[in-house]
Amino acid sequence: GAVVSQHPSWVICKSGTSVKIECRSLDFQATTMFWYRQFPKQSLMLMATSNEGSKATYEQGVEKDKFLINHASLTLSTLTVTSAHPEDSSFYICSARGSWNRAFFGQGTRLTVV
Amino acid sequence: SQELEQSPQSLIVQEGKNLTINCTSSKTLYGLYWYKQKYGEGLIFLMMLQKGGEEKSHEKITAKLDEKKQQSSLHITASQPSHAGIYLCGAGSLQGAQKLVFGQGTRLTINP
């Protein structure tokens with residue numbers, strides 16, 4: 001199957017700093033990318049949907065100024081957590097979908113804000 | 001908005017036993033996906049169902065989508081320790097939909 005690479009797999013940052021997470025589709029063009037957040041022992045919560053070259057669509061309750069999403073090319077989307085706080089600590093997963101109706105997931109990024 | 005309800009939320013079975021996980025949608029499903037996850041890791045794609053009445057199998061796992069396309073079940077036969085994990089159903093809300101949302105997950109534990 002298609003491969004989606006997410007980087008970094010884990011990151012620890014200081015409170016107040018910003019962190020960027022990358023999501024790359026390695027062998028296909030991702031017209032749509034999804035960003036999810038997962039709390040311990042809970043399911044994936046959709047944060048936003050982005051289409052290449054256009055602004056991301058954020059789910060209700062997700063701060064767009066806090067979680068900046070850029071989908072500048074068909075193989076790369078980035079999620080930047082700005083001015084991170086301990087409550088932003090979580091597991092973030094990206095998903096990419098190409099011309100077929102199936103989404104492929106990255107390995108996830110564990111963010112810890114100290 | 002599309003909502004997916006999974007049941008049970010947690011399941012403990014004896015190794016070798018069969019089990020079923022259900023996924024019910026509040027709206028018609030256009031593409032239903034089953035994934036497996038070990039917490040803190042990425043998702044492993046299991047199966048995708050699109051047509052009403054469709055059934056797919058892979059090894060000891062069978063998934064079905066009902067005729068009305070609002071409910072899916074995942075059945076594991078002769079469960080093994082390797083089946084342990086979190087099972088998630090996911091779906092788009094409209095045909096070719098942009099959004100892919102998930103149920104709350106079912107945590108499966110296999111006791112030896």
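This is a predicted model: local features need pLDDT of at least 70, side-chain atom pairs count only at pLDDT 80 or more; totals for chains, interfaces and linings use all residues.
Colleague: How many salt bridges over all chains?
Modeller: Three, from a search of the whole structure.

Colleague: Start with Lys66(A). What does its side chain meet in a salt bridge?
Modeller: The side chain of Asp88(A), with 2.7 Å from N to O. That pair links distant parts of the chain, 22 residues apart. Lys66(A) is in the loop between strand 6 (57–58) and strand 7 (67–73) of chain A. Asp88(A) is in the loop between strand 8 (76–81) and strand 9 (90–97) of that chain.

Colleague: Are Lys66(A) and Asp88(A) buried or exposed?
Modeller: Both Lys66(A) and Asp88(A) are buried.

Colleague: And Arg24(A), what is its salt-bridge partner?
Modeller: Glu22(A), at 3.4 Å from N to O. Arg24(A) has a relative accessible area of 34%, so it is partly exposed. Glu22(A) also counts as partly exposed, because its relative accessibility is 24%.

Colleague: Which residues make the salt bridge in chain B?
Modeller: Glu54(B) and Lys56(B), whose side chains meet at 3.7 Å, N to O.

Colleague: Why does Glu54(B) count as buried?
Modeller: Because its relative accessibility is 19%, and buried means under 20%. Lys56(B) is at 31%, so that residue counts as partly exposed.

Colleague: Changing topic. Which residues form the nonpolar patch on the surface?
Modeller: Trp10(A), Ile12(A) and Val114(A). Together they have about 370 Å² of accessible area.

Colleague: Where does Trp10(A) lie?
Modeller: In strand 2 of chain A, residues 10–13. Trp10(A) counts as exposed because its relative accessibility is 57%, and the cut-off for exposed is over 50%.

Colleague: On to the backbone. Which peptide bond of Pro8(A) is cis?
Modeller: The one from His7(A) to Pro8(A), with omega near 0°. Pro8(A) sits in the loop between strand 1 (4–7) and strand 2 of chain A. Its relative accessible area is 15%, so Pro8(A) is buried.

Colleague: What separates the C-alpha atoms of Pro8(A) and Glu87(A)?
Modeller: A distance of 19 Å, with the two residues 79 residues apart along the chain.

Colleague: What about the bond from Ser7(B) to Pro8(B), cis or trans?
Modeller: Cis, with omega near -10°. Pro8(B) is found in the loop between strand 1 (4–7) and strand 2 (10–14) of chain B.

Colleague: Staying in chain B, what is phi of Glu59(B) near?
Modeller: It is near 55°, a positive value in a residue other than glycine. Glu59(B) is in the loop between strand 6 (55–58) and strand 7 (61–65) of chain B. At 73% relative accessibility, that residue counts as exposed.

Colleague: Is Lys69(B) buried or exposed?
Modeller: Buried, because its relative accessible area is 18%.

Colleague: Last one. Where does Thr24(B) lie?
Modeller: In strand 3 of chain B, residues 19–25. At 33% relative accessibility, Thr24(B) counts as partly exposed. The C-alpha atoms of Thr24(B) and Glu3(B) are separated by 8.3 Å, and the residues are 21 apart along the chain.

Methods:
Residues are numbered from 1 along each chain as its sequence is written. Chains are lettered from A and ligands numbered from 1 in the order in which they are written. Side-chain values use heavy atoms; hydrogens and water are left out. A salt bridge is a side-chain nitrogen of Lys or Arg within 4 Å of a carboxyl oxygen of Asp or Glu. Buried means under 20% relative accessible area, exposed over 50%, partly exposed in between (1.4 Å probe, protein chains only). Helices (H or I, at least four residues) and strands (E, at least two) are DSSP runs, numbered from the N terminus. Patches are made of residues with over 30% relative accessible area and no salt bridge: like charges are joined within 9 Å, nonpolar side chains (Val, Leu, Ile, Met, Phe, Trp, Tyr) within 5 Å. Accessible areas come from the Shrake-Rupley method with a 1.4 Å probe; for residues, only the protein chains shown count as cover.
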